[in-house]
Amino acid sequence: MQAGATWQHDAADTRALRRRGWTLFLLTATYFFSFMDRQILAILLEAIRADLKLSDTQLGLLSGLVFAIFYATLGIPLARLADRSNRRNIIAISLALWSVMTALCGVAQNFTQLMLARIGVGVGEAGSGPPSQSIISDLYPPEKRASAMAIYSLGVLLGGGLGMVIGGVVAHSYGWRAAMMVVGLPGVVLAVIVRLFVVEPRRGLADGKVPAPASDAPPVSVWQGISSLLRNPAAFHLVAAITVTSLVGYAVTGWGPSYMQRSLGMSMLDVSRYVALPAALTAGGSALIGGWLSDRAAKRQGVYAQAWVVAGMKVLAFPFALAFYFIDHLWLALGSYFIASIFAGAYIGPTYAMIQHLAPLRLRATWAALTLLATSLLGLGVGPFAVGQISDLLKPTYGDESLRWAMFSVAMLTPLGIFHYWRAGVLMKRMGA
């Protein structure tokens with residue numbers, strides 16, 4: 001009986017590893033839909049503002065804080081569930097929910113209705129990221145994990161970019177409400193595919209570890225999960241680094257299209273045609289190169305070197321990111337924006353890979369959720385909202401140019417993120433990671 005169980009166990013492991021490429025593809029597609037549904041609002045902000053008569057502060061709330069509060073806080077209990085149960089099913093149900101809620105954004109008639117629909121999107125998306133990262137970490141060993149996470153991060157970069165392309169083109173012809181429905185509804189079909197074909201691997205498979213059965217393992221509270229992360233100084237600095245980076249990044253992606261329309265004279269259709277997709281592709285290439293460089297650095301020196309690779313790429317991007325706000329010539333400004341985008345996506349895969357590397361085996365989804373809690377509340381929640389608030393405060397002095405200075409103010413936080421990446425690498429090296 002024991003021999004039969006062992007054979008079934010080995011067969012399941014072999015099947016999971018054989019199909020890990022397909023699983024990674026579907027999880028990346030899910031992440032793609034997540035960010036497409038989340039970021040489509042960016043290209044539609046000016047149309048929504050005109051239709052519903054909203055202020056920049058209200059638009060900032062819809063883009064960030066309203067979504068982020070529910071996305072972040074519900075992520076922890078759902079991650080705790082994912083650490084004890086079937087992760088694939090949680091992802092599929094979550095995908096179906098946020099897809100329907102995105103479509104319902106298209107029927108909102110006022111700020112309150114649109115806010116409630118955005119809350120629904122946040123509730124659904126809370127169940128996707130941590131379980132997906134946990135599955136990927138069980139399918140790919142540490143020396144290949146940064147590249148796998150980099151591929152997964154393409155969902156962020158391509159989803160946000162293509163969401164703006166599709167949203168802009170559809171909204172130009174049929175209005176912003178139709179754009180919401182066109183982007184939202186196909187996710188329901190993908191949810192069924194994920195449920196049928198994504199592999200649920202054994203925990204610790206790629207690390208060669210066999211954890212105790214969930215029924216035998218002592219329960220770990222959320223506070224114990226938080227405490228375990230805070231007691232690891234390297235992990236703390238990684239979370240701080242990605243939080244600051246996310247705050248700046250969400251401010252740019254959330255308000256960038258509006259800035260291009262207000263200060264650079266572009267139309268919504270021009271932004272979707274000539275900026276969104278090229279920026280997504282360059283950032284996607286950055287993610288893949290960043291993951292490859294990080295894995296090479298990990299093989300030669302150790303996982304700690306991945307933090308320094310990310311810090312270096314952010315140092316290269318920073319002057320071009322600032323120049324974007326000081327150049328009035330359209331094509332020179334966009335050129336600076338694209339150069340910055342070449343380095344923009346390099347941090348995501350390596351950062352999540354390092355956090356998963358440091359996390360205890362049965363707390364991988366929980367640590368991922370805690371990271372998303374910080375990046376969502378402080379990054380997604382504060383970034384776009386802060387830009388909207390600063391823009392409204394500066395509007396009496398600068399008029400439409402207030403948005404330029406609001407975005408520049410937030411971008412100046414970038415050196416703080418660079419410092420945290422550098423410090424994380426130092427501490428991981430001391431730990432022998």
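How many aromatic pairs does a search of the whole structure find? The search finds 18 aromatic pairs in this predicted model. The legends below describe views of the chain, its cavities and its aromatic side chains.

**View 1. Confidence along the predicted chain.** The protein chain has a mean pLDDT of 85, and 94% of its residues reach 70 or more.

**View 2. The largest cavity and its lining.** Among the 5 cavities of 30 Å³ or more found in the whole structure, the largest holds about 920 Å³ of space. Its lining comprises 44 residues, and those nearest the centre are Gly249, Val252, Thr253, Ala344 and Tyr347. Elements that contribute two or more residues to this lining include helix 2 (20–52), helix 7 (142–174), helix 12 (268–300) and helix 16 (364–398). Helix 11 provides the largest share, with 8 residues. Sorted by class, the lining of the largest cavity consists of 30 nonpolar, 12 polar and 2 charged residues.

**View 3. The second largest cavity.** This cavity contains about 50 Å³ of space. Among the residues that line the second largest cavity are Arg38, Gln39, Ser63, Arg118, Tyr250 and Pro384. At least two lining residues come from each of helix 2, helix 11 and helix 16, and helix 2 gives the largest share, 4 residues. The lining of the second largest cavity has 5 nonpolar, 3 polar and 2 charged residues.

**View 4. The aromatic pair of phenylalanine 326 and phenylalanine 408.** A pair of aromatic rings is described by the distance of the centres and the angle of the planes. Of the 18 aromatic pairs, the one formed by phenylalanine 326 and phenylalanine 408 is edge-to-face, with 5.0 Å centre to centre and 80 degrees between the planes. Phenylalanine 326 belongs to the loop between helix 13 and helix 14, whereas phenylalanine 408 belongs to helix 17 (residues 402–411), so the pair ties together parts that lie 82 residues apart in sequence. Phenylalanine 326 is partly exposed at 48% relative accessibility; phenylalanine 408, at 18%, falls under 20% and therefore counts as buried.

**View 5. The aromatic pair of tyrosine 398 and tryptophan 405.** The ring centres of tyrosine 398 and tryptophan 405 are 6.1 Å apart and the planes meet at 40 degrees, so this pair is tilted. Tyrosine 398 is partly exposed, with a relative accessible area of 41%, and tryptophan 405 is partly exposed at 29% relative accessibility.

**View 6. An aromatic cluster.** Tyr259, Phe324, Tyr325, Tyr337 and Phe338 together form one aromatic cluster.

How values were computed: Residues are numbered from 1 along each chain as its sequence is written. Side-chain values use heavy atoms; hydrogens and water are left out. On a 1 Å grid over the protein atoms alone, a cavity is a set of points where a 1.4 Å probe fits but cannot get out, and a pocket is an open set with protein on both sides within 12 Å along at least five of seven lines; lining residues have an atom within 4 Å of a point. Grid points are joined across faces, edges and corners, and a volume is the space filled by probe spheres set on the points. Ala, Val, Leu, Ile, Met, Phe, Trp, Tyr, Cys and Pro count as nonpolar, Asp, Glu, Lys and Arg as charged, and the others, Gly among them, as polar. pLDDT is the predictor's confidence in each residue, from 0 to 100. Rings of Phe, Tyr and Trp (its six-membered ring) pair if their centres lie within 6.5 Å; planes under 30 degrees apart count as stacked, over 60 as edge-to-face and the rest as tilted. Buried means under 20% relative accessible area, exposed over 50%, partly exposed in between (1.4 Å probe, protein chains only).
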